[in-house]
Amino acid sequence: MTQTDPGSAPPGKRMLSEQVHARLREAIMRGRHAPGDALKPHDLAKAHGVSLAVVREALVRLVGEGLADRLPNRGFAVPAFSDRRWQEITEARRTIEPVVLRMSIERGDVDWEARVRAAHHRLARTPPYTPEEGDYYSEEWSEAHRVFHRTLLEGCGNPVLLETFDRLWAASELARRWSTYRNPGRDGIAEHRRLEETALARDADTAAEVLVQHLTRTAAVLADGDDTAKEA
């Protein structure tokens with residue numbers, strides 16, 4: 001008797017779920033579903049022209065990414081934004097990422113060094129803002145930013161730690177996008193260059209310290225009630 005993996009799904013349903021997930025993710029990131037808004041499966045299924053099962057699968061995936069909350073009554077909602085939530089995300093990143101960066105510097109090979117250099121080059125050469133995006137960071141820059149930070153940590157060789165980073169980054173990116181304003185007083189280019197330099201110099205102590213400062217700078221501004229520098 002052949003057993004079927006309960007987690008498997010027909011290719012057609014899986015493709016639909018991925019499409020709905022991508023649309024919902026973009027809508028949440030863009031603020032079309034505001035912080036705290038309910039994500040009602042029946043309404044979303046009707047709006048997207050798909051089955052309830054497809055929508056629920058997409059929503060569960062968003063929960064796993066930290067982009068949706070599952071409520072006690074089994075409903076779903078966009079995470080409510082607050083300074084406290086941002087501080088908690090920042091504290092988690094500030095605790096975990098420097099440790100993973102140290103591991104990455106200790107274990108990373110020459111290929112990792114090349115990827116770090118390439119990721120930083122892409123980030124440095126990508127304009128943060130475009131006329132089409134207005135005051136919001138461009139999609140291209142946001143992706144280059146994510147890739148650079150993740151590449152720094154990939155030398156650790158531990159997929160579980162990288163999955164933790166992915167979840168924290170998604171939550172951090174969500175909060176940042178909800179209140180993205182230009183902050184000419186912050187030199188993000190220099191901060192990222194310093195991260196690259198210390199990592200490639202294999203100076204784990206300094207690199208970890210630079211990363212903590214990079215993350216702390218955002219938290220400190222928020223603690224003072226100024227939300228104009230959410231770039232970390």
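In which kind of crossing, left-handed or right-handed, does α5 pass α6? The crossing is left-handed, a term that applies if the near helix is turned anticlockwise from the far one by less than a right angle, with right-handed standing for clockwise.

This is a predicted model, in which local features need pLDDT of at least 70 and side-chain atom pairs count only at pLDDT 80 or more, whereas totals for chains, interfaces and linings use all residues. Residues are numbered from 1 along each chain as its sequence is written, and side-chain values use heavy atoms, with hydrogens and water left out.

The secondary structure of the protein chain comes to nine helices and two strands, where helices (H or I, at least four residues) and strands (E, at least two) are DSSP runs numbered from the N terminus. Along the sequence these elements follow the pattern α-α-α-β-β-α-α-α-α-α-α. Of the 232 residues in the protein chain, 43% are buried; buried means under 20% relative accessible area, exposed over 50%, and partly exposed in between, with a 1.4 Å probe and protein chains only. Among contacts (heavy atoms within 4.5 Å) between residues at least 6 apart in sequence, 70% join residues at least 24 apart.

| Helix pair | Angle | Axis separation |
|---|---|---|
| α5 and α6 | about 160° | 9 Å |
| α5 and α8 | about 170° | 10 Å |

The angle of about 160° between α5 and α6 makes α5 roughly antiparallel to α6, and the angle of about 170° between α5 and α8 likewise makes α5 roughly antiparallel to α8. Angles over 145 degrees count as roughly antiparallel, under 35 as roughly parallel, 65 to 115 as roughly perpendicular and the rest as oblique.

The α5 side of the contact with α6 includes Trp112, Arg115, Val116 and Ala119, and the residues that they and others meet in α6 include Trp141, Ala144, Phe148 and Thr151. The residues of this contact divide into nine nonpolar, three polar and five charged, where Ala, Val, Leu, Ile, Met, Phe, Trp, Tyr, Cys and Pro count as nonpolar, Asp, Glu, Lys and Arg as charged, and the others, Gly among them, as polar. In the contact with α8, Trp112, Glu113, Val116, Arg117, His120 and Leu123 of α5 meet His192, Arg193, Glu196, Ala199 and Leu200, and the residues divide into five nonpolar, two polar and four charged.

Helix α6 has 16 residues and reaches 22 Å from its first C-alpha to its last, close to the 22 Å expected at 1.5 Å a residue, the expected span being 1.5 Å times one less than the number of residues. Among its buried residues are Trp141, Phe148, Thr151 and Leu152. Thr151 has a relative accessible area of 5% and, leaving aside its neighbours within four places in sequence, is in contact with Trp112, Arg115, Val116 and Ala119.

Two further residues are partly exposed. Arg202, with a relative accessible area of 31%, is placed in the loop between α8 (188-200) and α9 (204-223), and its phi is near 60°, a positive value in a residue other than glycine. Most residues other than glycine have a negative phi. Ala53, in helix α3 (residues 52-64), has a relative accessible area of 37%; Ala53 and Ser17 are 36 residues apart in sequence and 8.7 Å apart in space, C-alpha to C-alpha.

Methods
Axes are lines fitted to C-alpha atoms, for helices over the stretch in contact, and angles run from 0 to 180 degrees between N-to-C directions.
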